[in-house]
Amino acid sequence: MTPPFRNAPPGDHDIVQITPDSLRQVLKSLKAASSPGPSGLTEELLEAACINDDVVNVVCLIIRDIRNNRVSAVAADALRTCRLLALGKAHADGQKQGIRPIAVGEGLLKVAASLGLCEVQDFLRSHFGVLQLGVMESG
C-alpha cells in the first residue's frame, strides 16, 4: 500500500516551501464559517489546530506535498472530492425557480490554493488590473 503522503525531507526537488507564518496568515485571512468539505475539516478548525507548533509543522508538510504534487493517487483523489449541495435559486421577486449546485471542496486543498494565490496576486493585479473583477477583492 502506498502511503498517502510521501514525506521526503525538503531539498532541491521541492519547488514550493511552506512556512508556519505564511500558513497561519492565510488561515486567518480565509472566510469564517465556510462549509466543510468531505472530510469535515474546515479552515477554522485548521487555524485553531495550528496554534500548536507541532501541528502547524505537520500541516506545512502536508500542504508542501500537495503544492509540489507529491501525493499518491489515492490522496489526490480524496483532495479533489467535493461535497455537492443543491440550493434553491431565488429571483429578485422572491420566487424560487430551479436549483443552484454548489460544490464544497476539501479544506486542505483550499488552503494550498490560497497560499499559491498569495504568491502570485501582485503579478495578477499588475497584468489584469480591473479587468478580472472578483479576484482577490472583497465585495
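This short talk goes through the overall fold of the protein, then its last helix, and then one glycine in a strand.

Please keep in mind that this is a predicted model, in which local features need pLDDT of at least 70 and side-chain atom pairs count only at pLDDT 80 or more, while totals for chains, interfaces and linings use all residues. Residues are numbered from 1 along each chain as its sequence is written, and side-chain values use heavy atoms, with hydrogens and water left out.

Let me start with the whole chain. The secondary structure comes to five helices and two strands, where helices (H or I, at least four residues) and strands (E, at least two) are DSSP runs numbered from the N terminus, and along the sequence they follow the pattern α-α-α-α-β-β-α. Of the 139 residues, 26% are buried, a word I use for under 20% relative accessible area, with exposed for over 50% and partly exposed for what lies in between (1.4 Å probe, protein chains only). If we take contacts (heavy atoms within 4.5 Å) between residues at least 6 apart in sequence, 65% of them join residues at least 24 apart.

Now to helix α5, residues 107-128. Which residues of α5 are buried? They are G107, L108, V111, A112, S114, L115 and G116, and what covers them includes α1 (20-29), α2 (43-49), α3 (53-67) and α4 (73-80).

The helix bends by about 55° at V120, the bend being the angle between axes fitted to the seven residues ending there and the seven starting there. Between its end C-alpha atoms α5 spans only 27 Å, whereas a straight helix of 22 residues would span 32 Å at 1.5 Å a residue; that expected span is 1.5 Å times one less than the number of residues. Just after α5, G129 takes a positive phi of about 50°.

V120 also belongs, together with L117 and F123, to a nonpolar patch on the surface. Patches are made of residues with over 30% relative accessible area and no salt bridge, like charges being joined within 9 Å and nonpolar side chains (Val, Leu, Ile, Met, Phe, Trp, Tyr) within 5 Å; a salt bridge is a side-chain nitrogen of Lys or Arg within 4 Å of a carboxyl oxygen of Asp or Glu. The three residues have about 250 Å² of accessible area together, from the Shrake-Rupley method with a 1.4 Å probe, for which only the protein chains shown count as cover. F123 itself is partly exposed, at 48% relative accessible area.

Finally, G98 lies in strand β2 (residues 96-104) and is exposed, at 52%. Leaving aside residues up to four places away in sequence, G98 touches L87, G88 and K89.
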